[in-house]
Amino acid sequence: MRIHIKQILFMAAMACGLASTSAQACKLGLGINRPAAAAAKLPSTVLGDPDKMPSHEPTIVGLWDSEFLGADGSDDKGFDSFYIDGNELLIDNSAPATDNVCSGVWEKTGARTYSVNHPSWYFDTSGNLIGIVVLSETVTVDPKGNKFNGAGSVTVYDPALSTIVYQTTGTLTGTRITPTSSPL
């Protein structure tokens, strides 16, 4: 016997209505207070009918194979993870001893467009801190949600953050990595 989500919600609404003397006592997990009779009449989009749910635009959230091509000829590739809470983690192809991991934050700034800010420590090969790197990016996810592109800058400060010792701009590209991506 198959029971559909609408049937379960209807039964929950009926049980709540029978068990409660107050119309405000049953919330149905929908974040609203409604009497059982009104809850049973909620539009199917509120109840989660997948055929009637609004479509959502693609998001940056996920894992990406990314690349920064600097105007100075630099080429930095990495795996970039964007988390739903606004945090971001980039692991790039530079030597681990020089610090190839930087975490940052992102926010949505427009339709499929995101602003990213991630600082990173910069070490020499002996492990001495020689600078702080700040990557600033603006990227836009394509309508299908499988690629992004944008522009960014890399600014390197001395360890005291008092002097800019290097700066470049560049372009960014990314391809989404999924559980079935190949070869990744």
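Reply: Let's start with the term: a nonpolar core here is a set of buried Ala, Val, Leu, Ile, Met, Phe, Trp, Tyr and Cys residues joined through side-chain atoms within 4.5 Å. Keep in mind that this is a predicted model.

With that in hand, the largest nonpolar core has 17 residues, and Ile-60 and Phe-148 are the ones that touch the most other members. Strand 1 (62–70), strand 4 (101–110), strand 5 (113–123), strand 6 (129–141) and strand 7 (147–157) each give two or more residues to this core. The biggest share comes from strand 6, which puts in 4 residues.

Skipping its neighbours within four places in sequence, Phe-148 is in contact with Ile-60, Trp-64 and Ser-66, then with Val-139, Thr-140 and Val-141, and finally with Leu-172, Thr-173 and Gly-174.

Now step back to the whole chain. You've got 3 helices and 8 strands, and from the N terminus on the order is α-α-α-β-β-β-β-β-β-β-β. Of the 184 residues, 32% are buried. If you take contacts between residues at least 6 apart in sequence, 39% of them join residues at least 24 apart. The accessible surface comes to about 11300 Å², with 59% of that belonging to carbon and sulfur atoms.

Next, the open space. The largest pocket holds about 500 Å³ and has 22 lining residues, with Asp-76, Asp-92, Tyr-122, Val-133 and Val-154 lying nearest its centre. Strand 2 (75–82), strand 3 (87–92), strand 4, strand 5, strand 6, strand 7 and strand 8 (164–177) each give two or more residues to that lining. Here strand 5 gives the most, with 3 residues.

Is Ser-81 buried or exposed? Its relative accessible area is 16%, and the cut-off for buried is under 20%, so Ser-81 counts as buried. Leaving out its neighbours within four places in sequence, Ser-81 is in contact with Gly-62 and Leu-63, and also with Asn-87, Glu-88 and Leu-89.

Key. Residues numbered from 1 in each chain as written. Predicted model: local features only at pLDDT ≥ 70, side-chain atom pairs only at ≥ 80, totals over all residues. Heavy atoms only, no water. Buried < 20%, exposed > 50% of the residue type's maximum accessible area, 1.4 Å probe, protein only. Contact = heavy atoms within 4.5 Å. 1 Å grid on protein atoms, 1.4 Å probe; cavity = no way out; pocket = protein on both sides within 12 Å on 5 of 7 lines; lining within 4 Å. Points joined across faces, edges and corners; volume = space filled by probe spheres on them. Areas by Shrake-Rupley, 256 points an atom, 1.4 Å probe, with all protein chains shown as cover.
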